[in-house]
Amino acid sequence: MGRRAPFTHVVSQHYVVEVYDEFVPPGSTAVLRCHIPGFMEEYVTVMAWREEPTGKIIQPSTSLGSRYLTFPWGTLHIRNVETSFSHRSYKCQTRNRLTGEVVESTTSGRLIVSGTILHLK
């Protein structure tokens with residue numbers, strides 16, 4: 001009888017991803033985090049963010065010239081926020097690297113811009 005090849009099972013595990021509200025003063029940088037359960041962190045990648053009500057899809061980017069920066073650990077940085085951003089909310093989209101399953105956050109993180117305008121030099 002010949003040798004058996006190693007066989008690995010991949011079991012699909014249900015998981016829930018969430019984004020929470022972020023309170024920031026105008027002119028500052030908002031940081032939204034895609035909260036992934038600890039048991040899935042090493043298998044899940046944040047693919048993109050969706051801004052509502054604009055429908056804008058924010059792809060991964062660390063370009064310093066952009067208002068939107070995303071990082072591999074699941075954060076979205078929005079630079080120089082304006083009071084008009086207070087009506088926007090954000091969801092993250094993740095992909096399970098083992099199964100290919102795409103999961104969008106069940107909650108939207110609202111950007112709440114209020115307070116004193118920051119003037120950074």
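Q: Why is Glu 52 called partly exposed?
A: Glu 52 has a relative accessible area of 26%. The value falls between buried (under 20%) and exposed (over 50%), taken with a 1.4 Å probe on protein chains only, and is therefore partly exposed. This is a predicted model, in which local features need pLDDT of at least 70 and side-chain atom pairs count only at pLDDT 80 or more, while totals for chains, interfaces and linings use all residues. Residues are numbered from 1 along each chain as its sequence is written, and side-chain values use heavy atoms, with hydrogens and water left out.

Q: What makes Glu 52 and Arg 50 a salt bridge?
A: The closest N and O atoms of Glu 52 and Arg 50 are 2.2 Å apart. A salt bridge needs a side-chain nitrogen of Lys or Arg within 4 Å of a carboxyl oxygen of Asp or Glu, so the pair qualifies. By this rule the structure has 6 salt bridges.

Q: Which parts of the chain does the pair of Glu 104 and Arg 50 link?
A: Glu 104 forms a salt bridge with Arg 50, with the closest N and O atoms 2.6 Å apart. The two are 54 residues apart, with Glu 104 in strand S8 (residues 102–104) and Arg 50 in strand S3. Strands here are DSSP runs of E with at least two residues, numbered from the N terminus.

Q: How do you know that Glu 104 forms a salt bridge with Lys 91?
A: The closest N and O atoms of Glu 104 and Lys 91 are 3.9 Å apart, so the pair meets the salt-bridge rule. Glu 104 lies in strand S8 and Lys 91 in strand S7, so this pair ties together parts 13 residues apart in sequence.

Q: Why is the link of Cys 34 to Cys 92 called a disulfide?
A: The S to S distance between Cys 34 and Cys 92 is 2.0 Å, and a disulfide is a pair of cysteine sulfur atoms within 2.5 Å, so the pair passes. Cys 34 lies in the loop between strand S2 (30–33) and strand S3 (44–52) and Cys 92 in strand S7 (residues 89–96), so the pair ties together parts that are 58 residues apart in sequence. A search of the whole structure finds 1 disulfide. The link of Cys 34 and Cys 92 is right-handed, with 60 degrees about the S-S bond.

Q: What makes the interaction of Glu 51 with Tyr 90 a polar contact?
A: The side chains of Glu 51 and Tyr 90 make this contact at 2.6 Å. A polar contact is a pair of N or O atoms within 3.5 Å; within protein, one must be able to donate a hydrogen and the other to accept it, and residues adjacent in sequence count only if both atoms are side-chain atoms. Glu 51 is found in strand S3 and counts as buried at 2% relative accessibility.

Technical notes. Helix = DSSP H or I, 4+ residues; strand = E, 2+ residues; numbered from the N terminus.
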